[in-house]
Amino acid sequence: MIRVLLADDENLIRTALAALLALEEDLQVLAQAASGAEALAMARAHHPDVAVLNLQMPDRGGISVAAEMGTTSPDRAVVIVTGHGRAGHLKQALTAGVRGFLPKTVNAGVLTEVVRTVHRGGRYVDPQLAAEAISAGDSPLTPREADVLELGAGGAPVEEIAARAHLSPGTVRNYLSSAAAKLDAPTGTPP
């Protein structure tokens, strides 16, 4: 039996994944978490074989959680699922010891096979995400800066970006300022 921990801040997605994985005879969902901190606590309490983590959670992202799990339980396999896969995320995830990286758009059959693959010591990276990572150069932005830029790409106000990213408006302004400086982009309003 492969013991699985699920962590996703979106309750509907997390509980749906748990229900789908529970249909498999060789998989057991031991615990569910709605945040990175809760995922770490559940991992310490339940000792899962595989942790399936959302890339972006309000308090700590899946990559940060995976890195910490790797220091405390190096045999635990980690799979990252994401709705926002970028080349920088994939590179950071692999550096943190993540064995699986896939978009939330995959079907349940792929996810279950990835869980089995990483449990056996293998790796799985979604082919489309891998191709994008290979063709994209290194980004000077941190994943969080890129996330904030993406959320604001349509001209959303800082308060809206902050609410969607689960950040304070001041933190959003800091990320936007830092990203603009790194990209040598103009700030403020045009003349």
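This is a predicted model: local features need pLDDT of at least 70, side-chain atom pairs count only at pLDDT 80 or more; totals for chains, interfaces and linings use all residues.

Student: How many bridges join S1 to S2?

Tutor: Six bridges, and the two strands run parallel. Valine 4 is opposite valine 29 of S2.

Student: And S3 to S4, how many there?

Tutor: Five bridges, again with the strands running parallel. Valine 52 has valine 79 in S4 as its bridge partner.

Student: Is S4 buried or exposed?

Tutor: Six of the six residues of S4 are buried, so the strand is largely enclosed by the rest of the structure. On one side these are Ala77, Val79 and Val81, and on the other they are Val78, Ile80 and Thr82.

Student: Why do they split into two sets like that?

Tutor: In a regular strand, side chains alternate between the two faces of the sheet.

Student: Back to valine 79. What does it touch?

Tutor: Apart from neighbours within four places in sequence, valine 79 is in contact with Val50, Ala51, Val52, Leu53, Gly100, Leu102, Val114 and Val118. Valine 79 has 0% relative accessibility, so it counts as buried.

Student: New topic: the largest nonpolar core. How many residues does it have?

Tutor: It has 23 residues, and those with the most contacts inside it are Leu5, Ala39, Leu53, Met69 and Val78. Elements that give two or more residues to this core include strand S1 (2-7), helix H2 (36-46), strand S4 (77-82) and helix H4 (87-95).

Student: Which element gives the largest share?

Tutor: H3 does, with four residues.

Student: What about leucine 53, what does it touch?

Tutor: Not counting residues up to four places away in sequence, leucine 53 touches Ala7, Ala39, Gly62, Val65, Ala66, Met69, Val78, Val79, Ile80 and Val81. There is also a second, separate core of 17 residues, which includes Val4, Ala18, Val79 and Val118.

Student: Which residues of H3 are buried?

Tutor: Gly62, Ile63, Val65, Ala66 and Met69. They cover an arc of only 160° around the axis, which puts them on the same side of H3. Thr71 and Thr72, on the other side of H3, are exposed.

Student: Last one. At what angle do H7 and H9 pack?

Tutor: Helix H7 (residues 143-152) and helix H9 (residues 169-183) pack at about 100°, with their axes 9 Å apart. That angle makes H7 roughly perpendicular to H9.

Student: Which residues make the contact?

Tutor: From H7 they are Arg144, Glu145, Val148 and Leu149. H9 brings Val172, Tyr175, Leu176, Ser178, Ala179, Lys182 and Leu183.

Notes
Residues are numbered from 1 along each chain as its sequence is written. Side-chain values use heavy atoms; hydrogens and water are left out. A nonpolar core is a set of buried Ala, Val, Leu, Ile, Met, Phe, Trp, Tyr and Cys residues joined through side-chain atoms within 4.5 Å. Buried means under 20% relative accessible area, exposed over 50%, partly exposed in between (1.4 Å probe, protein chains only). Contact means heavy atoms within 4.5 Å. Two strands pair if DSSP finds at least two bridges between them. The arc is that of the directions from the helix axis to the C-beta atoms. Axes are lines fitted to C-alpha atoms, for helices over the stretch in contact, and angles run from 0 to 180 degrees between N-to-C directions. Angles under 35 degrees count as roughly parallel, over 145 as roughly antiparallel, 65 to 115 as roughly perpendicular and the rest as oblique.
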